[in-house]
Amino acid sequence: MTSKTTTLTQQTGELERFPDYPPRDDMQNWLYLYETSVLTSLAIHFADEQNVTVASEVPVGPDLPVRDDARIPDLMMVRGGDRELMEEQRGYAIDRQGKAPDFVLEVASPTTGRVDYTDKRADYERFG
């Protein structure tokens, strides 16, 4: 995703959240799911930089609370985002954060490849 300047549209005191996604057992929660290997390696790589968030399976969308317009990338990295806000809202709302993630990754497979290369790519481009 390319970053572009966006204006915050909501004060932090009046937070909305992303809708609940199908329930997962605690260890399938995005806060814990990929805290090994790739995410840990990237977190270590960016450890010297302040305010860098590396996360996985986090809903990303232009605003809240529209679930239809959110994507859940396999990996995302953002510089200058508010991780506490992302955790509180259970997702990354671009209008609340003021910018799109700096990098998103979708792992394509034979069963999801068409959607990953077409629909998701178009959505991420539209997000910024």
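A pocket, as the word is used here, is an open set of grid points with protein on both sides within 12 Å along at least five of seven lines, and its lining residues have an atom within 4 Å of a point. The model described here is predicted.

**The second largest pocket**

Helix 5 gives the largest share of the lining of the second largest pocket, with four residues. The space inside comes to about 250 Å³. Helix 4 (113-117) and helix 5 (119-127) are the elements that give two or more residues to this lining. Ten residues line the pocket in total. Val 104, Glu 106, Asp 116, Arg 121 and Tyr 124 lie nearest its centre. By class, the lining holds five nonpolar and five charged residues, and no polar ones.

Three strands form an open sheet in the order 1-3-5, with antiparallel pairing. Strand 1 (52-55) and strand 5 (103-105) stand at the edges. Each has a single partner strand, so one side of each is left without a neighbour in the sheet. From one strand to the next, the twist averages 5°.

Strand 3 (residues 75-79) pairs with strand 5 through three bridges. Leu 75 has Leu 105 as its bridge partner in strand 5. Four bridges join strand 1 to strand 3. Here Val 52 stands opposite Arg 79.

In a regular strand, side chains alternate between the two faces of the sheet. In strand 1, Val 52 and Val 54 point one way, while Thr 53 and Ala 55 point the other way. All four are buried.

**Salt bridges**

The count comes to seven salt bridges. Three of them are listed here.

| Pair | Closest N to O distance |
|---|---|
| Arg 83 and Glu 87 | 2.7 Å |
| Asp 95 and Arg 96 | 2.7 Å |

Arg 79 belongs to strand 3, and Glu 49 to the loop between helix 1 (37-45) and strand 1, so their pair ties together parts 30 residues apart in sequence. Arg 79 is partly exposed, at 36% relative accessible area. Glu 49 is partly exposed too, at 35%.

Arg 83 and Glu 87 both lie in helix 2 (residues 83-89), four residues apart, or about one turn of the helix. Arg 83 counts as partly exposed at 29% relative accessibility, and Glu 87 does at 33%.

Asp 95 and Arg 96 are both buried.

Key:
Residues are numbered from 1 along each chain as its sequence is written. This is a predicted model: local features need pLDDT of at least 70, side-chain atom pairs count only at pLDDT 80 or more; totals for chains, interfaces and linings use all residues. Side-chain values use heavy atoms; hydrogens and water are left out. On a 1 Å grid over the protein atoms alone, a cavity is a set of points where a 1.4 Å probe fits but cannot get out, and a pocket is an open set with protein on both sides within 12 Å along at least five of seven lines; lining residues have an atom within 4 Å of a point. Grid points are joined across faces, edges and corners, and a volume is the space filled by probe spheres set on the points. Ala, Val, Leu, Ile, Met, Phe, Trp, Tyr, Cys and Pro count as nonpolar, Asp, Glu, Lys and Arg as charged, and the others, Gly among them, as polar. Two strands pair if DSSP finds at least two bridges between them. Axes are lines fitted to C-alpha atoms, for helices over the stretch in contact, and angles run from 0 to 180 degrees between N-to-C directions. Buried means under 20% relative accessible area, exposed over 50%, partly exposed in between (1.4 Å probe, protein chains only). A salt bridge is a side-chain nitrogen of Lys or Arg within 4 Å of a carboxyl oxygen of Asp or Glu.
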